[in-house]
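The exercises below take a reader who is new to this structure through some of its parts, each with a solution worked out step by step. Please look at the sequence and the model first, and then try each task before reading on.

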Amino acid sequence: VLTGFVVEKSLAIDNIFIFAVVFSYFAVPKIYQHRVLFWGILGALFFRAIFIAMGSVLMQYKSIVIFFGILLVLTGIKMFFAGTKPQNLENNFIVRQLKKIFRVSPQIEGEKFFVRKSGLWYVTPLFLALLFIEVTDIIFAIDSVPAIFALTKEPLIVFTSNIFAILGLRSMYFMLSGVMDRFAYIKYGLAAVLIFVGSKMVYLNDAFGGKFPITWSLAIISLLIGSSVIYSVIVDRRSARS
């Protein structure tokens with residue numbers, strides 16, 4: 001359970017960066033960010049439960065396990081080479097499609113997700129931010145749920161690991177929102193974790209008699225994330241001094 005929680009919590013850090021970008025792009029005031037994240041995390045729990053239920057069936061097939069293992073490795077490699085480039089939502093496919101589907105109010109309407117003008121219903125930027133967070137979490141779940149299944153085949157452990165990791169996201173975001181720019185290199189650690197976990201699904205588990213030692217997994221994952229955090233802090237301090 002602990003290793004699954006560490007993996008899920010580590011991968012969930014990427015969500016926090018997404019939160020910051022989304023709130024900045026849609027100009028969501030901090031006073032309303034709590035409301036968006038409350039419903040966003042509630043929806044994430046619902047969709048994760050669906051993914052885990054599907055995964056508990058699909059992960060019984062070796063070919064599916066290898067497929068998701070390769071997917072994790074490729075995702076990690078892509079994330080590694082994407083590096084610390086800032087994300088821009090202006091040309092994002094999801095944002096463009098959402099604006100095509102909905103009538104969008106050009107301004108924040110208090111804490112409302114919907115507003116009626118001239119007899120027509122409009123969605124507010126808060127609602128677009130919520131939908132974008134939900135869609136991106138579903139995309140992240142394609143990586144994170146198989147990553148937990150690489151550690152254990154017990155659906156209850158997978159679900160509780162996800163629950164505990166996701167429930168703390170809102171508090172973690174508001175705690176780190178002011179210092180996230182100091183952890184620019186943590187993405188490299190996350191990329192390395194995905195590559196490691198994918199490698200377990202594709203090869204390492206079989207190489208170790210069907211199960212890579214769980215204590216080794218916890219140590220390696222903690223080392224990868226911890227190293228990226230420490231390096232980020234060192235680089236940030238050097239930049240501040242210069």
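**Exercise 1. Find which residues form one aromatic cluster, and describe the pair F113 and F127.**

Solution. F102, F113, F114 and F127 form one aromatic cluster, where rings of Phe, Tyr and Trp (its six-membered ring) pair if their centres lie within 6.5 Å, with planes under 30 degrees apart counted as stacked, over 60 as edge-to-face and the rest as tilted. Before going further, note that this is a predicted model, in which local features need pLDDT of at least 70 and side-chain atom pairs count only at pLDDT 80 or more, while totals for chains, interfaces and linings use all residues. Residues are numbered from 1 along each chain as its sequence is written, and side-chain values use heavy atoms, with hydrogens and water left out.

A search of the whole structure gives 5 aromatic pairs. One of them joins F38 and W39, edge-to-face, at 5.2 Å centre to centre and with 85° between the planes. For F113 and F127, the ring centres are 6.3 Å apart and the planes stand at 65°, so this pair is edge-to-face. The pair links distant parts of the chain, since F113 is in the loop between helix 4 (93-101) and strand 1 (114-117) and F127 is in helix 5 (residues 125-149), 14 residues apart; helices (H or I, at least four residues) and strands (E, at least two) are DSSP runs, numbered from the N terminus.

The last step is accessibility, where buried means under 20% relative accessible area, exposed over 50% and partly exposed in between (1.4 Å probe, protein chains only). F113, at 9%, counts as buried, and F127, at 13%, counts as buried too. By contrast, F38 is partly exposed at 41%, and W39 is partly exposed at 40%.

**Exercise 2. Where are Q33 and S228 placed, and are they buried or exposed?**

Solution. Q33 lies in helix 2 and is buried, because its relative accessible area is 6%. Leaving aside neighbours within four places in sequence, Q33 is in contact with F23, V28, Y173 and F174. S228 lies in helix 9 (residues 214-241) and is buried as well, because its relative accessible area is 7%. With residues up to four places away in sequence not counted, S228 touches Y185, I186 and G189.

**Exercise 3. Describe what K117 does with E109 and with Y122.**

Solution. The structure holds 1 salt bridge, a term for a side-chain nitrogen of Lys or Arg within 4 Å of a carboxyl oxygen of Asp or Glu. E109 forms this salt bridge with K117, and the closest N and O atoms are 3.4 Å apart. K117 also lies over the face of Y122, at 5.9 Å from the ring centre; a charge sits over a ring if NZ of Lys or CZ of Arg is within 6 Å of the ring centre and within 35 degrees of the ring normal. At 27% relative accessibility, K117 counts as partly exposed.

Terms used: Contact means heavy atoms within 4.5 Å.
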